Amino acid sequence: MNGAPVLCGQAIEHAYRGRVVLDGASLALRPGEVVSLLGANGAGKSTLLRILLGLLTPSAGRVSLDGQPLAAYARRELAGKLAYVPQVHATPFPYTVRQIVSLGRLPASGLFAALSGDDRDAVEQAIARLGIEHLAARPYTEISGGERQLALIARALAQGSRLLVMDEPATGLDYGNQIALLDLLHSLAVDGYGILKTTHHPDHVLAGSDRVAMLQHGRIVADGAPADVLTAARLSELYGVAIAPVRLPDGRLVVAPCLST
Ligand SMILES: Nc1ncnc2c1ncn2[C@@H]1O[C@H](COP(=O)(O)OP(=O)(O)OP(=O)(O)O)[C@@H](O)[C@H]1O
């Protein structure tokens, strides 16, 4: 059973140069659940994530963590509770994957301190959980986008926070790694992690998410169990194409593309 919400955004509003992107969006994340945030391109998903992480200050609304306003936390304390997995980026520096994962320990160890034994253990455990031991000594600049994504997730795990906020974590992963990622996120939730991720794949919501929130017109227009929320009407409205979930003989729901020509 999930506990009380630990990360709560309430009535969040945000505008970029006067253009309203979020207009009263509310979203909560509890331990032990995978929550997917769905929305069309430009709907404001990344903006909402950045606000929930305290990286961007909303024009209006409140964000709280464990009942305290986000602003009440020191940066290091926040990092111990909340980790961000950004969209894959390139770094100009040829750090090894192990060094990238070690960056997750910086908030705990301090910028100039050597890694302790506990830090090193956390790094190796994160690398093992992602199954990327074979990449650990490779330069981050010389691995694929999908491999970088796995390294960034390992970095978030090494950080030790129990809430993970991920911006399109499946992007760039091949099909096998997408499924492995869904499995990993589910197993992390079973271990008590709370996971909030954006996705463009309704199938990644139907498989492996406990809850889905739909962002449209700057608001969360639906929030609940994937099978309840992802109706043909809502999906068609969200994406502007005819789309319908299909129930397989074994009871699972899937969304299959249906081309107009
Ligand atoms: N720094 C910025 N300055 C001005 N406008 C911005 C800025 N960041 C985002 N926007 C605009 O705000 C809107 C929401 O952007 P955001 O990245 O939050 O959407 P998204 O739902 O994550 O999109 P996508 O699915 O395409 O990644 C977009 O129209 C975008 O162009």
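Reader: Hi! Which residues does Leu48 touch, leaving out those up to four places away in sequence?
Author: Leu48 touches Gly9, Ile12, Leu22, Ala25, Leu27, Leu37 and Leu215. Two residues are in contact if their C-beta atoms, placed from the backbone, lie within 7 Å. This is a predicted model, where local features need pLDDT of at least 70, side-chain atom pairs count only at pLDDT 80 or more, and totals for chains, interfaces and linings use all residues. Residues are numbered from 1 along each chain as its sequence is written.

Reader: Thanks! And how many residues are in the largest nonpolar core?
Author: The largest nonpolar core has 65 residues, and those with the most contacts inside it are Leu48, Ala151, Ala154 and Val165. Helix 6 (residues 145-159) gives the most to this core, with 8 residues. Such a core is a set of buried Ala, Val, Leu, Ile, Met, Phe, Trp, Tyr and Cys residues joined through C-beta atoms within 7 Å. Helices (H or I, at least four residues) and strands (E, at least two) are DSSP runs, numbered from the N terminus.

Reader: Is helix 1 mostly covered or uncovered?
Author: Mostly covered, as 6 of its 8 residues are buried. They are Lys45, Thr47, Leu48, Leu49, Ile51 and Leu52. Buried means 20 or more other C-beta atoms within 10 Å of a residue's own, exposed means 12 or fewer, and partly exposed is in between, with C-beta atoms placed from the backbone.

Reader: Nice. Switching to the ligand, which residues are around it?
Author: Around the ligand are Tyr16, Val21, Gly39, Asn41, Gly42, Ala43, Gly44, Lys45, Ser46 and Thr47.

Reader: What about strand 6, which strand does it pair with?
Author: Strand 6 pairs with strand 7 (residues 163-166) in the parallel sense over 4 bridges. Strands count as paired if DSSP finds at least two bridges between them. Tyr84 has Val165 in strand 7 as its bridge partner. From strand 6 (residues 82-85), Leu82 and Tyr84 point one way, Ala83 and Val85 the other way, and all are buried.

Reader: One more! Why is Ala207 partly exposed?
Author: Because Ala207 has 17 other C-beta atoms within 10 Å. Ala207 is in the loop between helix 8 (202-206) and strand 9 (211-216). Ala207 and Asp183 are 24 residues apart in sequence and 9.2 Å apart in space, C-alpha to C-alpha.

Note on methods:
A residue is near a molecule or strand if its C-beta atom, placed from the backbone, lies within 6 Å of it.
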